[in-house]
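Good morning, and thank you for making time on the agenda.

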Protein chains: 2
Amino acid sequence: MIIDKINTPEDLKKLELAEMVTLAGEIRDAIINKVNAIGGHMAPNLGIVETTLALHYVFNSPMDKIIYDVSHQCYPHKIVTGRKDGFINPECYLKYTGYTAPEECDHDLFKIGHTSTSVSLACGVAKARDLKNEKSNVIALIGDGSLSGGEALEGLNNASTFNSNFIIIVNDNEMSIAENHGGLYSNLKLLRETNGEAKSNFFKTLGFDYCFLKEGNDIQKLIELFQKIKNIDHPIIVHICTQKGCGLKQAEENKETFHWVMPGILDKTSDAQTPATYASITLDYILEKAKEDKTFVTVTAGTPGVFGFNSKIRAKLGEHYTDVGIAEEHAVAYCSALAKSGAKPIFNVMSSFVQRTYDQLSQDLCLNNSPITMLVHWGGISGADATHLCVFDIPLISNIPNMVYLAPTNKEEYLAMLNWSVEQNQFPVGIRVPNTELISTGVEDKTNYSILNKFKVEQAGEKVAIIGLGGFLSLANKVADEIKNKLSFEPTIINPRFITGIDEDLLERLKQNHNIVVTLEDGVLDGGFGEKISRFYGNSNMKVLNYGAKKEFTDRISIDELYIRYRLTKELIFDDIMKIL
Amino acid sequence: MIIDKINTPEDLKKLELAEMVTLAGEIRDAIINKVNAIGGHMAPNLGIVETTLALHYVFNSPMDKIIYDVSHQCYPHKIVTGRKDGFINPECYLKYTGYTAPEECDHDLFKIGHTSTSVSLACGVAKARDLKNEKSNVIALIGDGSLSGGEALEGLNNASTFNSNFIIIVNDNEMSIAENHGGLYSNLKLLRETNGEAKSNFFKTLGFDYCFLKEGNDIQKLIELFQKIKNIDHPIIVHICTQKGCGLKQAEENKETFHWVMPGILDKTSDAQTPATYASITLDYILEKAKEDKTFVTVTAGTPGVFGFNSKIRAKLGEHYTDVGIAEEHAVAYCSALAKSGAKPIFNVMSSFVQRTYDQLSQDLCLNNSPITMLVHWGGISGADATHLCVFDIPLISNIPNMVYLAPTNKEEYLAMLNWSVEQNQFPVGIRVPNTELISTGVEDKTNYSILNKFKVEQAGEKVAIIGLGGFLSLANKVADEIKNKLSFEPTIINPRFITGIDEDLLERLKQNHNIVVTLEDGVLDGGFGEKISRFYGNSNMKVLNYGAKKEFTDRISIDELYIRYRLTKELIFDDIMKIL
């Protein structure tokens, strides 16, 4: 095997072209086997194998700097930069992150998992090089899908003004995670159709030099092209066409499905019926709503599949569905204006990516008090990569004036909140979609959520009140059981439902027969929900214990380990209560 | 006077052309007189008078929807939509905000004060119109300077895909607040030079129809153009060239200075020597640093003047200065990469605009632990317009892992923190530049700020400990005096200096001889600094009182009124302490 000989990019430079082609196949096999075994980004990595080999063949990393946008196409790079064990040895499959990570290797410049950052980062790398009078190639590798993000566009506007080496490879596979959206993509299509010759050229209007290669999976042509532009003395866009999923038939044919896959994707024989989830009941609601209300629109920002909006559902929704591409800022402003104009928008977003749009939530949305519904998915402590943590949405969203951020704990609450939010016209509303299995009480929730900040007492007890926010209501129940079993009294259990405000009347009443209030939240403590309860009781004798995640970037730490680290188990919480009871 | 007859846009439609020209002059005079009297946006409003008149002459607002980007060019619009008293009657000068405000008038669609939002908002307005099968013109009016912002670029990418009426007027006055930056502006220049005929056209690459008018201050030509495109059935860019500051010689010649002015700008005979400020000593530091360190770069995002970077200083800094244009996201990523590559960047930003870049602070910067210095200016409670509040930066910045956010209280601390931050290579650092007059102790601060989260005890006392963050240390001192005078004991006064972490050892020690801890912060309480102190003491007998701003959008409420509302006076705080002492 050629791959056996490859331990650093230097080893590539000794290969003949035919060996490079063989190596590409071996790398592809390794990626397919590994990703099928443990899941991960399949199609983006399969498409970029040849580009990566050609880059490392022609340029001299880490002296030359290669910056991978979003870095979900970095597996081939990891394989040729000393980390192939993580791809060919199943025992090492979990050894490396799925993203570039400088702590692993000096060929990785940045820890990256959010899109559209590479060009801006490359600007900083190039400027530092120039200030220090150093010579090296600075190369940003960015997919066509990532180009629609504001940060990428801001970066392009600045990158083109450099008077020095600056190479931006646009990896055009005609796909974002799903299909692309926006006028820019018509121009990319025109450029592909004219072999890069079209006079109307988005990149050239910004001042870039430009070159085009149709055969972006042809190593020889890539090498020839990269050799030509190596050490170029000005900014250039290298527009290459690659095939997403290249080399794996199923992925080539189902690019969207194979963008990121769960383990065993290739072993599945049929789509077994899956049980209902919060995502599936959300889709059901949306499909129903779109049928009955012509002003209803559901919006995503480049990640429709995550919420179950597959191509069939998107087609069914028709004009009631907008994918704005990777453009969270735009999405929020768009929804705000829809709502202000009498339409009923739902914006679907992941907790980690809602971070892109703080100012739009504040200014475009909440300052204008537009009645949109924002569904925040995946919020909670997890074993995720540091780039995709979902624990910061509560401090981010809940400290903005006018926002109503809700935390349902079961199906009936969720649907009641969702429908209330869509139909009301008073408040910007966020709903933190539970990241648990679907829990159903079987009892319709008839709460009027227009009465803000009214907490629900699930069990009226004494001495200790446990406030379990959203998905952590179940932990509250467990702690309550522990207390009842060991101390023979029933504590109070509270389901706050509202994250953005506190029920001062209820909290005041608790003082009558409680000494301790415990708050449990599935997110970072700093700036979150529990601290507001602590503040409320600051001038009283009530003891308050806040539980949640520590302010830190965890990186693939198992959730069980994190729960122990954060004392988020019924036993540890019980111990803490005992110390002050 | 023609202006006397104008109470609604309908009244414009009755005028002859000559009367419109006269009216433009009258409006200009009103703006000049008012802005010279009370300050405000001078040059942008003077440039847009004719456009506004032509828009309201041709279109039928509010049925047709006009959305003003950033809205610092909305004065003429306000004058012709029933609010002229606010411009011609000095007693009413403060009656209306300086920005569009739907609560004032149904010709204003959104409350707007941050840039680059109009196209995205217009997308929502247009989509709602289409879903409801209504007919109307949707018009976004955006300045060339605002085009560089990511949200605007995301918006353009989506706007061009509409199959219905969508008009975007690009008001090209060849200026942002200062000069423009980025490749896009070379294209605008080319378009201006070719009368819009150049084949290379940024807007056309995105799929827009396009038209050009050189004489953007000529009412007749504007009317003719708008009449042509009225009711157009697809998206079009209307590129007009206007003169920023038009009609006021000083503003025409000093566009940057006259962008936003203080009262009395026209009455000044010379630039009197002004006393040193935190801004001026920052500039001194930066100029010195740029001389001695070739890797030093100072960065702004389109608002250099706010921090004192006038054209002379920018020229002096040369390659050590980057204005990225209105592009805060890019600025943070750029700085992160500069720092990771061994350069020493300082990013200067206003508290209100740092909101644009939460995700970049989190992912591009703090996850990568890049040692940049970010100077956050103007943070604190103020009588500002709701669109420019500066009270949210503490929750925004301080809950991000790895970030070190500092709150100096005087000149010596500030300079020590600044120099430490620029020279260290361990942490991403933010410094909240005091928004007070310059306070000097005369004693050099030799603190090693690498030892994180060490609070400074300014006065060791008993019973009550008052923690005064940043500018509010002076309030802490006043409260302490009040206590000493009235209760005859000395409370402890603490200057925390670190916003991003608490000094647990010190807080623990306070338990020995204190019953009450008071926290004072010049920002919103929710998610802020004080709540973390409350959380720390939650399981103890310590009483904690948190003082700061309420979570709300205030709108030109005087600071004195806000201090009373938030109980931020020594008397009110003393009363609260008495209640629980």
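Predicted model: local features only at pLDDT ≥ 70, side-chain atom pairs only at ≥ 80, totals over all residues.

Leaving aside its neighbours within four places in sequence, Asp108(A) is in contact with Thr100(A), Ala101(A) and Pro102(A). This residue sits in the loop that runs between α6 (85-88) and α7 (118-131) of chain A. Is Asp108(A) buried or exposed? Asp108(A) has 26 C-beta neighbours inside 10 Å, and it therefore counts as buried. Thr81(A) is 27 residues away from Asp108(A) along the chain, with 9.1 Å between the two C-alpha atoms.

The mean pLDDT of chain A is 97, and 99% of its residues reach 70 or more. For the complex, the predictor gives an ipTM of 0.98 and a pTM of 0.98.

Let me turn to the two chains together. Chain A is superposed on chain B by a rotation of 180 degrees, with 0.0 Å of shift along the axis and an RMSD of 0.0 Å. That is the relation of a two-fold axis. Across the interface, 94 residues of chain A are in contact with 93 residues of chain B. On the side of chain A that touches chain B, the classes are 33 nonpolar, 39 polar and 22 charged residues. Do the copies meet through the same surface or through different ones? Of the interface residues of chain A, 99% are also interface residues in chain B, so the copies meet through the same surface.

Next, the strands of chain A. An open sheet is formed by 5 strands in the order β2-β3-β4-β6-β5, with parallel pairing. Its edge strands are β2 (65-68) and β5 (209-213), each of which pairs on one side only. Direction ignored, neighbouring strands of this sheet are turned by 20 degrees against each other on average. Within the sheet, β3 (residues 138-143) and β4 (residues 166-172) of chain A run parallel and are joined by 5 bridges. One pair of bridge partners here is Leu141(A) and, in β4(A), Ile169(A).

Why do we describe β10 of chain B as largely enclosed by the rest of the structure? The reason is that 7 of the 7 residues of this strand are buried.

The partners of β10(B) come next. Strand β8 (residues 296-300) of chain B pairs with β10(B) in the parallel sense over 5 bridges, and Thr298(B) has Ile346(B) as its bridge partner in β10(B). Strand β11 (residues 373-377) of chain B also runs parallel to β10(B), joined to it by 5 bridges. There, Asn348(B) stands opposite Leu375(B).

I close with some backbone details. The peptide bond from Ser61(A) to Pro62(A) is cis, with omega near 10 degrees. Pro62(A) lies in the loop between α4 (49-58) and β2 of chain A. In chain B, the bond from Ser61(B) to Pro62(B) is likewise cis, with omega near 10 degrees.

Lys463(A), in strand β15 (residues 463-468) of chain A, is a residue other than glycine with a positive phi, near 65 degrees. With 16 C-beta neighbours inside 10 Å, Lys463(A) counts as partly exposed. Asn402(B) has a phi near 75 degrees, again positive in a residue other than glycine. Its place is the loop between α17 (393-398) and β12 (404-406) of chain B.

Methods:
Residues numbered from 1 in each chain as written. Chains lettered and ligands numbered in written order. Least-squares fit on C-alpha atoms with pLDDT ≥ 70 in both. Contact = placed C-beta atoms within 7 Å. Nonpolar A, V, L, I, M, F, W, Y, C, P; charged D, E, K, R; others polar. Pairing = 2+ DSSP bridges. Helix = DSSP H or I, 4+ residues; strand = E, 2+ residues; numbered from the N terminus. Axes fitted to C-alpha atoms, helices over the stretch in contact; angles between N-to-C directions. pLDDT = per-residue confidence, 0-100. Buried ≥ 20, exposed ≤ 12 C-beta atoms within 10 Å, placed from the backbone.
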